[in-house]
Amino acid sequence: MAVTIKSKREIDLMRESCRILAQVHAQLGRAIRPGISTWDIDALGEKLIRGYGCTPNFLHYNGYPASICVSVNDEVVHGIPSKERILKEGDIVSLDAGLIYKGYHSDAARTYPVGKISDDAAKLIAVTRKSFFAGIKYARAGYYLHDISNAIAAYCGRYGYGVVRDLTGHGIGTSLHEDPVIPNYRQLRRGIRLQPGMTLAIEPMVNLGSYKVEWLEDEWTVVTRDGSLSAHYENTVLITEGEPEVLTLLSERK
């Protein structure tokens, strides 16, 4: 496993890439409403990314046909935008987006309510987000990678939710996906020791029901096997000498 340690210059470029992505997510979040199509969300996302002088890193990545992954309700990740898929009141929608700024990638995901949603859906979104922050308490130099994994799993386990096991977080830098692989479920081994300069995309994917998932015929869209709702929350995180720096948040507030 070759985990890259970023230089000060590289960290500065990563910070800017991630700052721009945080702005894009904020604008996409304000656009979510009943009646908008997932295709419109993708079109807006690409326009915003290119408007900042950046490149959408998901577009054509291993053949993916869009700039923003838009996943609705029981879709966990990698939903393909469509003019026919119209968001309606009560849906939840996960937006996974990334961009390239001067050769450096950023990656982040959010799950949004569409209008008024059920209490169960709102709780799932909140727990998924909070599990990320439970995990990054251990995203510090000297801890081990799987301390993060185990903390996320333990937090979600309090609520009986299924933490997806077929998909993971990852390192990130001059490539969208770098070492290490970052599970969100409990691990028996400790994994690598964390060091300052590592940049990690940490992304709990949490189901209201079972952790089991399956792929649709498009070979991209991942859905819950039992049809339950799924939420996704991701940020790009820098390991420092002290507290972790969440690069894709406009505010550090939790």
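**Entry 1: helix H2**

I am working from a predicted model. I began with helix H2, residues 38–51.

Next I asked which residues of H2 are buried. They are Thr-38, Ile-41, Asp-42, Gly-45, Leu-48 and Ile-49. These residues cover an arc of only 130 degrees around the axis, so they sit on the same side of H2. I then turned to the other side of H2, where Lys-47 and Gly-51 are exposed.

Gly-53 follows H2, and its phi is positive, near 80 degrees.

**Entry 2: Asn-57**

I moved on to Asn-57, in the loop between S1 and S2. Is Asn-57 buried or exposed? Its relative accessibility is 5%, and the cut-off for buried is under 20%. Asn-57 therefore counts as buried.

I listed its contacts, leaving out residues up to four places away in sequence. Asn-57 touches Gly-98, Leu-99, Ile-100, His-105, Ser-106 and Leu-176. Two of these names came up again when I looked at polar atoms. A polar atom of the Asn-57 side chain lies 3.3 Å from the backbone nitrogen of Leu-99. The side chain of Asn-57 also makes a polar contact with the side chain of His-105, at 3.1 Å.

**Entry 3: Thr-240**

My last stop was Thr-240. I found it in the loop between strand S14 (235–238) and strand S15 (245–246). Thr-240 has 17% relative accessibility, so it counts as buried.

Where does the side chain of Thr-240 reach? It reaches the backbone nitrogen of Gly-242 at 2.9 Å. A polar atom of the Thr-240 side chain also lies 2.7 Å from the backbone oxygen of Glu-243.

I then set aside the neighbours within four places in sequence. Thr-240 is in contact with Ala-141, Pro-196 and Glu-245. I looked up Arg-190 too, which is 50 residues from Thr-240 along the chain. The C-alpha atoms of Thr-240 and Arg-190 are separated by 19 Å.

Notes:
Residues are numbered from 1 along each chain as its sequence is written. This is a predicted model: local features need pLDDT of at least 70, side-chain atom pairs count only at pLDDT 80 or more; totals for chains, interfaces and linings use all residues. Side-chain values use heavy atoms; hydrogens and water are left out. Helices (H or I, at least four residues) and strands (E, at least two) are DSSP runs, numbered from the N terminus. The expected span of a helix is 1.5 Å times one less than its number of residues. Buried means under 20% relative accessible area, exposed over 50%, partly exposed in between (1.4 Å probe, protein chains only). The arc is that of the directions from the helix axis to the C-beta atoms. Contact means heavy atoms within 4.5 Å. A polar contact is a pair of N or O atoms within 3.5 Å; within protein, one must be able to donate a hydrogen and the other to accept it, and residues adjacent in sequence count only if both atoms are side-chain atoms.
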